[in-house]
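Subject: Structure handover

Hello,

Here is the structure I said I would pass on. Please look it over before you set anything up with it.

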Amino acid sequence: MVIEAAVGVLGFYYHTAANLGGPSPSQFDNFVYGAPAMAALLFPNLALLSFIALDALQEHVPAHALPPIPYL
């Protein structure tokens, strides 16, 4: 999940960099019709929701049923 979040942040960076140097003379057009920069941020959001769900799951499952979740 940490790798997934890192890929999403890198995707946001690369999409934004591509839009800033895009072919259109208007920056607005580059962001509207170019690479979807905000779409790459879905990966960090899903990783955060997964960590929240796993933390909530630990409270409802007996300790012997699940190994501990390694937090970074």
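Below is what was found in it, from the overall form down to single residues.

Please keep in mind that this is a predicted model.

Overall form

The secondary structure of the protein consists of three helices and zero strands, in the order α-α-α from the N terminus. Along the principal axes, the C-alpha atoms fill a box of roughly 60 × 15 × 10 Å. The radius of gyration is 18 Å, whereas a compact globule of 72 residues would have one near 11 Å.

Burial and surface

Buried residues make up 14% of the 72 in the protein. The accessible surface is about 5400 Å², and carbon and sulfur atoms account for 74% of that. As for contacts between residues at least 6 apart in sequence, 48% of them join residues at least 24 apart.

Helix packing

Two packed helices are described by the angle between their axes and the distance between the axes. For helix α1 (residues 2–20) and helix α3 (residues 42–60), the angle is about 155° and the axes are 7 Å apart. Angles over 145 degrees count as roughly antiparallel, so α1 is roughly antiparallel to α3. The crossing of α1 past α3 is left-handed. On the α1 side, the contact is made by Val2, Glu4, Ala5, Gly8 and Val9. On the α3 side, Phe43, Pro44, Leu46, Ala47 and Phe51 take part.

Is Ile3 buried or exposed? This residue belongs to helix α1. The cut-off for exposed is over 50% relative accessible area, and Ile3 counts as exposed because its relative accessibility is 68%. Asp29 is 26 residues away from Ile3 along the chain, and their C-alpha atoms are separated by 31 Å.

Thr16 is also placed in helix α1. Buried means under 20% relative accessible area, so Thr16, at 19%, counts as buried. Which residues is Thr16 in contact with, leaving aside its neighbours within four places in sequence? They are Phe31 and Ala37.

In short, the protein has three helices and zero strands, with 14% of its residues buried and a roughly antiparallel packing of α1 and α3.

Regards

Technical notes: Residues are numbered from 1 along each chain as its sequence is written. This is a predicted model: local features need pLDDT of at least 70, side-chain atom pairs count only at pLDDT 80 or more; totals for chains, interfaces and linings use all residues. Side-chain values use heavy atoms; hydrogens and water are left out. Helices (H or I, at least four residues) and strands (E, at least two) are DSSP runs, numbered from the N terminus. The radius of gyration is taken over C-alpha atoms; the globule rule is 2.2 Å times the number of residues to the power 0.38. Buried means under 20% relative accessible area, exposed over 50%, partly exposed in between (1.4 Å probe, protein chains only). Contact means heavy atoms within 4.5 Å. Accessible areas come from the Shrake-Rupley method with a 1.4 Å probe; for residues, only the protein chains shown count as cover. Axes are lines fitted to C-alpha atoms, for helices over the stretch in contact, and angles run from 0 to 180 degrees between N-to-C directions. Angles under 35 degrees count as roughly parallel, over 145 as roughly antiparallel, 65 to 115 as roughly perpendicular and the rest as oblique. A crossing is left-handed if the near helix is turned anticlockwise from the far one by less than a right angle, and right-handed if clockwise.
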